[in-house]
Amino acid sequence: MHRLVFSLALVAGALVATPATATAATACAPTGGTVTRSFFPASARSYNLRVPAGLTGNAPLLLSLHGLGSAPFFQEQATGWTATADAEKFIVAYPAGDPNWNLAVGSPDVRFLRDVVDRIAAESCVDRSRVYVEGGSLGSWMSQRAACDAAGTFAAAAGFMGGSPNTFGGCRPSRPIAVALFHGESDPLIPVAEGRRTRDEWVARNKCSPVPVTEPVSDGTAQTYRGCAAGVAVSWRSYQGLGHAYPSGPAGADFRERAWRFLSAHRLP
């Protein structure tokens, strides 16, 4: 009889604290700020991570990629993504190049970005169908390389002040993938004409209607190309008077709102 009571007590205890509940609570724990995570000792590569407070279930994940000669800290400051992630309740990570990005077809940096996604998903509550990548300048090229070569990992991509992935070996994604491109119309390093050419390549690649839906804006152009294969879209936003930099102030808020609205509307098929 005593043995039976003891056995029932053990079963009851197991039902009170299930491993799934404990795991979920741990996985959604906020980082309490932006923290650095390293792959040491396997490699010296790292990324900065922000898991906001208040996540109640699996959340989207955004990787934001820095430009030539920059670093995750500066990418976080330039983009303003951290405050948006806190408000919209998604996880944001800023991976570090080695020290910059390899943009070629078959780039080892694509594998690194996949590893970052896998590591964060293993430790936090990530919705694997809503993983996105965005980057600026060289990071824009890298975000597009990820779209070209890892369309099974990333649901959509965005790039600011970048150029065509065809410059570095072409682009053959495994499926149509949504891409949003942004550019300063006064960019002295990567002319806006290069951004438009890159946009047109994605429109053709995704078999979109060549006639965009144009939204009236006071400081440039805002267009969306629809009718694309598999229901994806291509978005274009140029900013009048902006050079080779992420915008700040109202234009910066416009960029983040447009980019996140576009990215978060897409999921992996």
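The conversation below concerns the disulfides.

Reader: What kind of model is this?
Author: This is a predicted model, in which local features need pLDDT of at least 70 and side-chain atom pairs count only at pLDDT 80 or more, while totals for chains, interfaces and linings use all residues. Residues are numbered from 1 along each chain as its sequence is written, and side-chain values use heavy atoms, with hydrogens and water left out.

Reader: How many disulfides does the structure hold?
Author: The structure holds three; a disulfide is a pair of cysteine sulfur atoms within 2.5 Å.

Reader: Which cysteine is bonded to Cys 28?
Author: Cys 28 pairs with Cys 125, with 2.4 Å between their sulfur atoms.

Reader: Is Cys 125 buried or exposed?
Author: Cys 125 is buried at 5% relative accessibility, and Cys 28 is buried as well, at 16%. Buried means under 20% relative accessible area, exposed over 50%, and partly exposed in between (1.4 Å probe, protein chains only).

Reader: How far apart are the sulfur atoms of Cys 148 and Cys 171?
Author: They lie 2.0 Å apart. The link of Cys 148 and Cys 171 is left-handed, with -105° about the S-S bond. Both Cys 148 and Cys 171 are buried.

Reader: And what is joined to Cys 208?
Author: Cys 208 is joined to Cys 228, S to S 2.1 Å. That link of Cys 208 and Cys 228 is right-handed, at 105° about the S-S bond. Cys 208 and Cys 228 are both buried.

Reader: What is the pairing in sequence order?
Author: With the bonded cysteines of the chain numbered in sequence order, the pairing is 1-2, 3-4, 5-6.
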